[in-house]
Amino acid sequence: MKIERDSQGGATTIRLIGHFQSEHVGELKKQLQHDGPLFILDLKEVTVVDVEVVRFLVESKTGGAKIAHCSQYIRKWMARERRP
């Protein structure tokens, strides 16, 4: 997985590229600590995720992050994970 960061006008966009799996969540969380709870995760080029990533995305969205360009299968999975 590759992580690209772009900050403009006080907004930080984190573009994720490739396979985003549980072993990448810790590194991404470290990078996001400096941005506070408001950031945009651009998933346009994410091809594969696992359950830990989906849970991280749900947690991030609940905390105020925006999820952009998310594939339909990831959105559906996130919706299922939000349900008790």
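Student: How do β1 and β2 pair, and over how many bridges?
Tutor: They run antiparallel to each other, and the pairing covers 7 bridges. Two strands count as paired if DSSP finds at least two bridges between them. Strands (E, at least two residues) and helices (H or I, at least four) are DSSP runs, numbered from the N terminus. Please keep in mind that this is a predicted model, in which local features need pLDDT of at least 70 and side-chain atom pairs count only at pLDDT 80 or more, while totals for chains, interfaces and linings use all residues. Residues are numbered from 1 along each chain as its sequence is written, and side-chain values use heavy atoms, with hydrogens and water left out.

Student: What holds strands of a sheet together?
Tutor: In general, strands of a sheet pair through backbone hydrogen bonds, either parallel or antiparallel.

Student: Which residue in β2 is the bridge partner of Arg 5?
Tutor: That partner is Ile 14.

Student: What is the order of the strands in the sheet?
Tutor: The order is β1-β2-β3-β4, in an open sheet of 4 strands with mixed pairing. The edge strands, each pairing on one side only, are β1 and β4. From one strand to the next, the twist averages 20°.

Student: Which strands does helix α1 touch?
Tutor: Helix α1 (residues 22-32) packs on the sheet and touches β1, β2 and β3. Its direction makes about 170° with that of β2. Such angles run from 0 to 180 degrees between N-to-C directions, and the axes are lines fitted to C-alpha atoms, for helices over the stretch in contact.

Student: And where does α2 lie?
Tutor: Helix α2 lies across β2, β3 and β4, and runs at about 165° to β3.

Student: Back to α1: which residues are buried there?
Tutor: His 24, Val 25, Leu 28 and Leu 32 are buried in α1. Buried means under 20% relative accessible area, exposed means over 50%, and partly exposed lies in between (1.4 Å probe, protein chains only). Seen down the axis of α1, the buried residues fall within an arc of 115°, so they line one face of the helix. The arc is that of the directions from the helix axis to the C-beta atoms.

Student: What do the buried residues of α1 pack against?
Tutor: They pack against β1, β2, β3 and α2. On the other side of α1, Glu 23 and Lys 30 are exposed.

Student: New topic. How many salt bridges are there?
Tutor: The count comes to 5 salt bridges. A salt bridge is a side-chain nitrogen of Lys or Arg within 4 Å of a carboxyl oxygen of Asp or Glu.

Student: Which residues are linked in a network of salt bridges?
Tutor: Lys 2, Glu 4 and Arg 15 form that network. Between Glu 4 and Lys 2, the closest N and O atoms are 3.2 Å apart. Between Arg 15 and Glu 4, the closest N and O atoms are 2.9 Å apart. Arg 15 lies in strand β2 (residues 11-20) and Glu 4 in strand β1 (residues 2-8), so this pair ties together parts that are 11 residues apart in sequence.

Student: Are these residues buried or partly exposed?
Tutor: Glu 4 is partly exposed at 23% relative accessible area, Lys 2 is partly exposed at 46%, and Arg 15 is partly exposed at 28%.

Student: Which residue does Arg 55 meet in a salt bridge?
Tutor: Arg 55 meets Glu 52, at 3.2 Å from N to O. The two are 3 residues apart in helix α2 (residues 51-62), and are thus separated by about one helical turn.

Student: Where is Asp 50, and is it buried or exposed?
Tutor: Asp 50 is in the loop between β3 (40-49) and α2, and at 19% relative accessibility it counts as buried. Leaving aside neighbours within four places in sequence, Asp 50 is in contact (heavy atoms within 4.5 Å) with Phe 20, Gln 21, Ser 22 and Trp 77.

Student: How far apart are Asp 50 and Phe 20?
Tutor: They are 30 residues apart in sequence and 7.4 Å apart in space, C-alpha to C-alpha.

Student: Which backbone nitrogen does the side chain of Asp 50 reach at 3.3 Å?
Tutor: That nitrogen belongs to Glu 52.

Conventions:
A polar contact is a pair of N or O atoms within 3.5 Å; within protein, one must be able to donate a hydrogen and the other to accept it, and residues adjacent in sequence count only if both atoms are side-chain atoms.
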